Amino acid sequence: MSTMDTAAPGVHEEHHGPASGIGRWLFTTNHKDIGTLYLWFSLLMFLIGGVMALLIRSELFQPGLQLVEPGFFNQLTTMHGLIMVFGAVMPAFVGLANWMVPLMIGAPDMALPRMNNWSFWILPFAFAILVSTLFMDGGAPNFGWTFYAPLSTTYAPPSVTYFIFAIHIMGASSIMGAINIIATILNLRAPGMTMMKLPLFVWTWLITAFLLIAVMPVLAGVVTMMLMDIHFGTSFFNAAGGGDPVLFQHVFWFFGHPEVYIMILPAFGIVSQILPTFSRKKLFGYASMVYATASIAILSFLVWAHHMFTVGLPLVGELFFMFATMLIAVPTGVKVFNWVATMYRGSLTFETPMLFAIAFVVLFTIGGFSGLMLAIAPVDFQYHDTYFVVAHFHYVLVPGAIFSIMAGVYYWLPKWTGHALNEGMGKLHFWCSFIGVNITFFPMHFLGLAGMPRRIPDYALQFADFNMVATVGAFIFGFSQLLFVWNVIHCIRSRETVSAQVWEGAHGLEWEVPSPAPYHTHTTPPRVE
Amino acid sequence: MDAAKANRRLIIRLLMASVLMFGFGFALVPLYDVFCKVTGLNGRITATGPVDAMAVDTARSVKVRLIAINNEGMPWLFGPTESLLRVNPGEMKQTAYRASNPTTRRMVAQAIPSVSPGEAAQYLHKINCFCFDSQALEGGDAIDMPLMFMIDTDLPESIHTITLSYTLFDISPDKTGTAENDAQEGGSPI
Amino acid sequence: MGTIRTIIFGLSLTLLSLSAHAEWALNLSPGVTEVSRSVYDLHMTIFWICVAIGVVVFGVMFWSIFHHRKSRGAEAHHFHEHTLVEVAWTIVPLGILIAMAVPATATLVKMYDPSEADLDVQITGYQWKWRYTYLDQDLDFFSNLTTPQEQIGNEQAKGEHYLLEVDRHLVLPTDTKIRLLLTANDVIHSWWVPALAVKKDAVPGFINEAWTRIDEPGIYRGQCAELCGKDHGFMPIVVEAVPPEQFQQWLAEVKAEKQAEVAAAEKSWTLDELMTQGEQVYLRACAACHQPTGTGIPPAFPALKGSPVALGDVGTHIDIVLNGSPATAMQAFRDQLSATELAAVITYERNAWGNSTGEAVSPSQIAGILAGNADTAGEGAQ
């Protein structure tokens with residue numbers, strides 16, 4: 001049989017199961033298979049990036065150079081950042097979208113199943129190229145994940161060309177994924193599923209997908225300019241030829257700030273699905289949640305230079321970007337208040353997904369507070385490029401984005417596999433992660449305020465104690481992720497079946513299909529009343 | 001197959017949007033220049049070329065500090081002949097930078113100007129500047145490079161000192177953009 | 001598993017000896033300038049506002065967690081919107097933000113004060129050191145990390161100011177408005193001294209400006225804050241603030257020292273004297289790349305031991321050390337070292353690690369070249 005023949009949705013009325021063998025995964029156009037591929041891939045990347053993080057933390061366990069050379073340390077921080085951002089967090093969200101968006105909106109599959117296959121399968125190539133730079137002459141990219149020129153152009157190792165190529169492929173993958181998600185949400189909703197009835201996860205992903213289409217091409221543009229500067233003698237960022245290294249930062253952060261929201265908006269969506277379920281109560285302020293998400297997305301285009309307060313902006317520039325950034329606190333606050341109001345006077349139970357979701361709300365809010373502090377330009381001069389910033393963005397990305405992904409996986413895994421979770425082990429994983437993440441990242445606030453710059457392999461003695469604490473926390477957090485892997489595998493192999501609804505308070509189309517979700521669902525569109 | 005048609009239309013639009021945004025990334029380059037000019041960001045863009053004579057504001061004098069910086073790998077001796085000038089707005093001022101090439105090879109240099117505070121850049125008219133062109137010097141040669149400028153009488157009252165810096169970059173033909181990488185692969189004598 | 005054991009062992013050791021070097025610094029320092037103190041106050045104000053909001057939000061949340069749990073028989077109330085409340089929690093935060101923006105704007109405007117300064121200092125970032133130029137004083141020097149490699153490599157106990165010590169401090173007068181003009185020689189650096197609340201990027205090709213007025217004499221340490229390559233963590237900043245009279249005295253002393261250095265170049269040096277000083281200079285200025293053993297880290301940093309440059313024509317060798325080598329990591333050292341130091345280090349490179357040319361390069365020869373007599377540099381490099 002040919003899998004490709006059954007590509008277009010609606011064509012495959014015949015209810016056959018998956019093909020067998022490796023071909024099933026290579027040629028699949030099934031949204032559930034592709035979602036699974038994305039999720040396994042992101043788990044692999046999460047573990048690789050995590051090993052790098054542990055190497056970094058081991059070097060920073062004590063002052064002095066012990067394990068790695070400063071040059072290799074820079075390669076580690078760069079690769080850790082790139083792999084976690086582009087390899088772990090983003091593909092995980094795309095994987096969740098692949099699995100859940102069609103189920104939630106009553107679509108039989110994604111709108112563009114073949115493109116879906118490509119957008120996944122080019123990713124392993126991109127990351128194979130990226131990781132292979134570690135073994136190249138001159139080493140891997142060593143200029144940080146923000147790759148500021150001229151360190152990443154005139155002063156870059158030769159592997160920068162491969163890095164640029166890898167970024168291009170990742171960008172293409174993300175853009176294809178985004179087009180697919182938009183087309184699915186706009187064109188394949190079941191009858192009666194109006195826009196304002198969409199589950200919040202779908203809404204946040206729709207907005208995220210538009211952000212991706214707006215900014216991934218800008219990232220492609222900026223790396224193309226780098227490529228031209230390095231190989232074709234142009235001077236976009238080279239001051240000698242009339243270019244400007246600061247221009248790089250503007251273009252990069254024009255991509256980079258929306259990118260930050262690309263990594264958090266779907267997390268908002270997941271948490272907005274989970275909290276109501278375990279509060280046995282509808283989400284508070286659905287409409288304001290949608291508007292808040294949209295305003296965060298729009299504002300994200302107007303705040304990029306808050307990453308550049310020390311670069312020498314004129315006073316008016318500093319003020320504009322400070323005010324615009326502070327403004328983002330308003331819609332973000334609305335979201336947090338809505339989540340708290342959802343829990344208020346509910347009937348709460350604390351299964352593993354709920355624990356992760358609650359931890360998300362608390363710890364993301366802490367990350368939000370430090371973000372607000374960072375927005376204040378005059379004090380940012382003290383925080384900028386210190387561990388305070390490291391603490392801030394790890395709070396929004398680890399107990400933020402990563403916890404939401406784990407919450408989502410624990411929440412939907414019984415639906416995917418048809419098997420129950422081991423709640424005890426799930427809770428163990430949660431508490432180890434929760435404690436580990438805080439021991440790792442909370443002391444970094446103190447380190448930054450005490451004056452420790454980021455991206456250094458060795459540090460002065462007054463930073464020794466908190467660094468040691470952070471490293472211990474990192475190992476606790478890192479090794480507790482093995483529990484996550486165990487939990488996922490255990491759930492797949494378990495024999496304990498679950499109902500279609502799985503969780504007592506769960507509502508929505510995805511909970512109306514049987515568990516495990518059959519290979520083809522919603523082949524006859526459900527009616528939403 | 002209405003759905004298929006709707007899909008195709010949507011894909012085309014979205015693809016066009018991403019191509020447009022790719023172009024927008026490049027459009028940011030000229031936009032940035034405009035932005036710099038308007039806000040004085042980076043002190044990059046100064047007014048160049050001939051300028052109409054203005055009434056000299058003798059009541060006011062502005063300190064102009066001239067700075068010279070050698071970029072990496074630039075061995076020339078390079079500096080202003082006068083490092084601090086007092087200039088009345090509207091006054092045409094002529095000064096020079098001196099450069100000499102202490103090596104034994106012919107080298108080509110490009111000076112890149114920058115003004116601080118950035119807000120002052122748009123009030124600094126350069127009538128003639130050695131930074132307009134690149135400079136070539138044989139090994140052992142020296143040259144006085146002229147700089148003629150005028151400060152606009154509209155310069156905001158709050159600005160008392162303008163710093164004008166020139167960074168000298170080696171742009172000799174044997175030193176190209178990719179030389180950096182080649183050298184790292186091939187090694188160099190020292 | 002070995003790693004874990006090491007870490008557990010290390011942890012227990014630290015817990016035993018926490019007081020040994022513990023400072024557990026938790027917060028920003030208020031600093032020693034008016035600006036740094038207003039930054040500190042602003043930081044604390046915003047911090048406490050955040051704490052207050054956090055207490056309210058998390059308070060409601062944890063109250064729900066304790067009282068509205070199903071296990072305590074809580075029944076879900078089915079409300080899911082309330083326009084008034086939603087409008088309120090949009091407007092109230094907006095008000096709080098405006099309250100924050102007012103002092104923030106005031107502090108920022110103060111930082112951008114364009115009034116005249118009494119002293120202009122140019123700060124240039126290099127991979128990986130700082131260069132300070134006192135613009136009207138004809139005074140210019142580099143400031144290098146002095147922490148010995150042995151301390152970094154854990155072969156020696158670490159000193160009190162491990163990684164925060166340099167050979168030459170940036171000496172500044174107190175109670176004087178100082179304009180700092182920042183730029184860079186290669187990549188972007190960022191000059192940061194927390195006690196002054198000054199952090200400004202040094203961008204190659206561009207000039208940036210900041211200012212400070214230090215109230216209290218003292219030594220204030222900072223670091224480069226923008227990733228600038230391999231030794232980004234090893235280019236500290238040390239500012240020494242002294243009363244204005246003492247500053248003038250210091251200026252006079254340094255100028256006298258410079259005179260003495262010129263005089264030293266005139267005297268004739270023996271090979272042994274040059275070798276002794278050359279070794280010191282080499283370890284300080286060259287060993288990071290070319291390694292203390294002269295073996296380098298090829299291909300980026302070639303070996304000097306047995307190298308054709310160190311054994312070949314002396315003119316080429318001098319040219320490369322003084323003027324750098326185009327398109328490589330080799331910098332020009334003409335401004336970074338004195339004539340005597342240059343002569344000593346070149347002599348050292350030509351006679352150490354089994355390189356035995358037996359040649360001594362005299363300081364006066366180098367002084368002649370530095371004075372602009374290009375012909376003595378011999379044949380060109382490459």
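Which residue forms a salt bridge with Arg98(B)? Asp144(B) does, and the closest N and O atoms of the two are 3.3 Å apart. Keep in mind from here on that this is a predicted model.

Arg98(B) is partly exposed, with a relative accessibility of 43%. Asp144(B) also counts as partly exposed, at 46%.

## Salt bridges in chain C

Over all chains, the search turns up 23 salt bridges. One of them is in chain C, where the side chains of Glu34(C) and Lys110(C) come together at 3.6 Å, N to O. Glu34(C) is in helix H3 of chain C and Lys110(C) is in helix H4 of chain C, so this pair connects parts 76 residues apart in sequence. How open are the two partners? Glu34(C) is exposed, at 51% relative accessibility, and Lys110(C) is partly exposed, at 29%.

Glu209(C) and Arg179(C) make another salt bridge, at 3.0 Å from N to O. Here the link runs between distant parts of the chain, with Glu209(C) in strand S8 (residues 208-212) of chain C and Arg179(C) in strand S5 (residues 178-184) of chain C, 30 residues apart. Glu209(C) is partly exposed at 22% relative accessible area, whereas Arg179(C) is buried at 3%. Both of these residues belong to a network of salt bridges that also takes in Arg65(B), Glu116(C), Asp120(C) and Asp136(C).

## Where chain C meets chain A

Now for the meeting of two chains. On one side, 94 residues of chain C are in contact, and on the other, 101 residues of chain A. Together the two chains bury about 8,400 Å², with carbon and sulfur atoms giving 72% of that area. Trp89(C), Lys199(C) and Leu227(C) supply 8% of what chain C buries against chain A, more than any other three residues.

How many salt bridges cross this interface? The rule finds one: Glu504(A) and Lys70(C) join through their side chains, at 3.0 Å from N to O. Polar contacts across the interface come to 24 residue pairs. Several elements of chain C give two or more residues to the side that touches chain A, among them helix H1 (2-16), helix H4 (83-111) and strand S7 (198-202). H3(C) gives the most, with 16 residues. By type, the residues on this side of chain C divide into 52 nonpolar, 27 polar and 15 charged.

A disulfide is a covalent bond between the sulfur atoms of two cysteines. This structure holds one over all chains. It joins Cys129(B) to Cys131(B), with the sulfur atoms 2.3 Å apart. The link between Cys129(B) and Cys131(B) is right-handed, with 130° about the S-S bond, and both cysteines are buried.

What about Cys491(A)? Cys491(A) is buried, at 0% relative accessibility. Cys286(C) is in no disulfide either, and the nearest cysteine sulfur, that of Cys289(C), lies 8.9 Å away. Cys286(C) is buried too, with a relative accessible area of 10%.

Technical notes
Residues numbered from 1 in each chain as written. Chains lettered and ligands numbered in written order. Predicted model: local features only at pLDDT ≥ 70, side-chain atom pairs only at ≥ 80, totals over all residues. Heavy atoms only, no water. Contact = heavy atoms within 4.5 Å. Buried area = accessible area lost by both parts, 1.4 Å probe. Salt bridge = Lys/Arg side-chain N within 4 Å of Asp/Glu carboxyl O. Polar contact = N/O pair within 3.5 Å; in protein donor to acceptor, adjacent residues only side chain to side chain. Helix = DSSP H or I, 4+ residues; strand = E, 2+ residues; numbered from the N terminus. Nonpolar A, V, L, I, M, F, W, Y, C, P; charged D, E, K, R; others polar. Buried < 20%, exposed > 50% of the residue type's maximum accessible area, 1.4 Å probe, protein only. Disulfide = S-S within 2.5 Å.
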